Amino acid sequence: MLTVDGLTVDGLGVRAGDTELVREVSFSIGPGERVGLIGESGSGKSLTALSLMGLLPEGVTATGRATLAGRDLIGVPESRLKRLRGRDLSMVFQEPMTALNPLMRVGAQVAEVMTLHGRGRREARARAVELLERVRLPEPEQLARAYPHQLSGGQRQRVMLAIALANEPALLICDEPTTALDVTVQKRMLDLIAEVAPALLFITHDLAVVAAVCERVLVMYGGRVVESGPIREVFTRPRHRYTEGLLAASRLTPRGTRLPTISGSVPAAGHFPGGCVFGNRCPHADALCETVPALTGEGHAHACRHPAG
Amino acid sequence: MPTHAGTPRAENPGEPLIEARGLSRVYRRPRTSLLRPGAAVHALRDVSLTVGRGERYGIVGESGSGKSTLLRLLCALDRPTAGTIAFDGRPVTGRPERDLRFLRENLQIVFQDPMSSLDPRMRVRDLVAEPLVALGLPVGGRVAELLDAVGLPAGAADRYPHQFSGGQRQRIAIARALAPRPKALVADEPVSALDVSVRGQILNLLADLVDELGLTLVFVSHDLSVVRHVCETVAVMHHGEIVESGPVDEVWAAPAHPYTRALLEAVPTLEDLT
């Protein structure tokens, strides 16, 4: 797994004190590739992204190795990360209202990320307007002078995207960028992301959204990658029982019929069963599942003792 | 036509339970000038709808379409600027709160976010019993009965909302809504805040309860595919108006209004993959 250009993550772990939150996550994203990271809330997908950005909250630490274009991302001092963040890799968060500064005009916020990385003030300001135009905001000149509260949710999220793209990063991470948006606005935003992203790690809990944007997908549950592979393969022939259950639950059956469900609910962090993390909710679990299954398979990989199909 | 309380549904199915005629609601923005009043926001314009007894009625629309305003009016949590609402043949609009007991007993609501709609400092027992206490009805063994009906263990009664997962909290909210044995249940995006694996559990539960208790359901969602699974009838809202309504399968198969078509096309699906 040696890609010089893209992102390579090898054996990533995240822990808070004695609680293991993410374990042995390995994947790579080549230049131009769009990879989805799906899972329910509490599965560790946002922590994975934050550890790559070096933005883990205090008391939470990451181990393992992650490199972007040959540069280390984990276990390096903040001073080094600061130069990478917003320049080589950047992130679009779920809540544009809390991520944007309410007291600063949006044009200045887009320009700021460029001046921080050494671009001249005037040049940055001019480029900010170009970027706002690139994310298809109407009348970018006037809009650059607006404050976040004057924009709609969709427009704010476009501003976030403009900020993320400002320094032509090698990798864009999007964490549920459209969850707070209406479906018609979401569609335009997804098309835009797919068009402008250099290499993309797209985090969502919505399987249909990931199918619309990505080529490859990683399914996370209980802090582990339980299945990975090309979208079409994983979604049409899921092997892990969790992926199978998730797909079944995502397809709404005709009225009057019962929806397939996964029994129980996602356990709290640190309360996942030993062995297979899905063991306590899986209808196929048996004694074999008490030892951790490894993620095996080339291309389409899964970590399940009793795979489907 | 007025019917006396407790009439079994089977005797008069299809008869209207909720009737709204020509509802409008105008909000005023705070004034920005001393000389002129604040700008008017037309949240609802001339909306009429009829929900039959035992019907599952879906309302679909995006944020700002007026669906929450409509719900607030139907539940008499707000007053319309114009128009009338009748519930079970009795007028709701223009009455003071003390004359709305028939509505409070018979129409209950489940909100979108089960965290903010449950008081974090109340035990589940008190939360579920609250509508009964507020209406002066006997509580008795009703809490245990309700918790059982929504699939929660009896021990849940002594715990606090934060000790439950999102799906379980929504079960508590449903138990609370059902406490006074209402005829109608209004659900405002009840599954939007839930994970997919739990969404099915809550939708199945709602369907079971509506069937068992013969409830009338008003189900609001931004997702037409969820409404199609739950409801027979749908109204599509856009800019404060109902732009299209009818049997959900017909609207789904042949949307007549351009906005409905745009809405259907925008919903990402997994169908193209199979």
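How many residues of chain B are in contact with chain A? In this predicted model, 29 residues of chain B are in contact with 31 residues of chain A, two residues being in contact if their C-beta atoms, placed from the backbone, lie within 7 Å. Residues are numbered from 1 along each chain as its sequence is written, while chains are lettered from A and ligands numbered from 1 in the order in which they are written. Local features need pLDDT of at least 70 and side-chain atom pairs count only at pLDDT 80 or more, whereas totals for chains, interfaces and linings use all residues.

**View 1. The side of chain B that touches chain A.**
Four helices of chain B, α5 (166-178), α6 (196-213), α7 (224-230) and α9 (258-266), each supply at least two residues of this side. Helices (H or I, at least four residues) and strands (E, at least two) are DSSP runs, numbered from the N terminus. The largest share, eight residues, comes from α6(B). By class, this side of chain B has twelve nonpolar, 13 polar and four charged residues. Ala, Val, Leu, Ile, Met, Phe, Trp, Tyr, Cys and Pro count as nonpolar, Asp, Glu, Lys and Arg as charged, and the others, Gly among them, as polar.

**View 2. An open sheet of four strands in chain B.**
The strand order is β2-β1-β4-β5 in chain B, with antiparallel pairing; two strands pair if DSSP finds at least two bridges between them. The edge strands of this sheet are β2 (40-52) and β5 (90-91) of chain B, each of which pairs on one side only. Strand β1 (residues 16-28) of chain B is joined by five bridges to strand β4 (residues 82-87) of chain B. One bridge links S24(B) to its partner A82(B) in β4(B). In β2 of chain B lies D46(B), which has a positive phi of about 45° although it is not a glycine. D46(B) counts as partly exposed because it has 14 C-beta neighbours inside 10 Å. A residue is buried if 20 or more other C-beta atoms lie within 10 Å of its own, exposed if 12 or fewer, and partly exposed in between, with C-beta atoms placed from the backbone.

**View 3. Helix α1 (residues 67-74) of chain B across the strands.**
The helix lies across β1, β2 and β4 of chain B and runs at about 120° to β1(B). Axes are lines fitted to C-alpha atoms, for helices over the stretch in contact, and angles run from 0 to 180 degrees between N-to-C directions. Six of the eight residues of α1(B) are buried, namely K67(B), T69(B), L70(B), L71(B), L73(B) and L74(B). Just after α1(B), A76(B) takes a positive phi of about 55°.

**View 4. Two helices of chain B, α3 and α5, in contact.**
The axes of α3 (residues 124-135) of chain B and α5(B) come within 6 Å and cross at roughly 35°. From α3(B), the residues V124(B), L127(B), V128(B), E130(B) and P131(B) meet I172(B), A175(B) and R176(B) of α5(B). By class, this contact has six nonpolar, no polar and two charged residues.

**View 5. A hairpin of chain B, formed by β9 and β10.**
Six bridges join strand β9 (residues 233-238) of chain B to strand β10 (residues 241-247) of chain B, and the two run antiparallel. V234(B) has G246(B) as its bridge partner in β10(B). Two residues lie between the strands, and H239(B) in the turn has a positive phi of about 50°. V236(B) and H162(B) are 74 residues apart in sequence and 35 Å apart in space, C-alpha to C-alpha. H162(B) is placed in the loop between α4 (142-149) and α5 of chain B. H162(B) is exposed because 10 other C-beta atoms lie within 10 Å.

**View 6. A loop residue of chain A, E176(A).**
E176(A) is found in the loop between β7 (171-175) and α8 (183-196) of chain A. This residue has a positive phi of about 45° although it is not a glycine. E176(A) counts as partly exposed because it has 19 C-beta neighbours inside 10 Å. Chain A as a whole has eleven helices and eleven strands, and 47% of its 309 residues count as buried.
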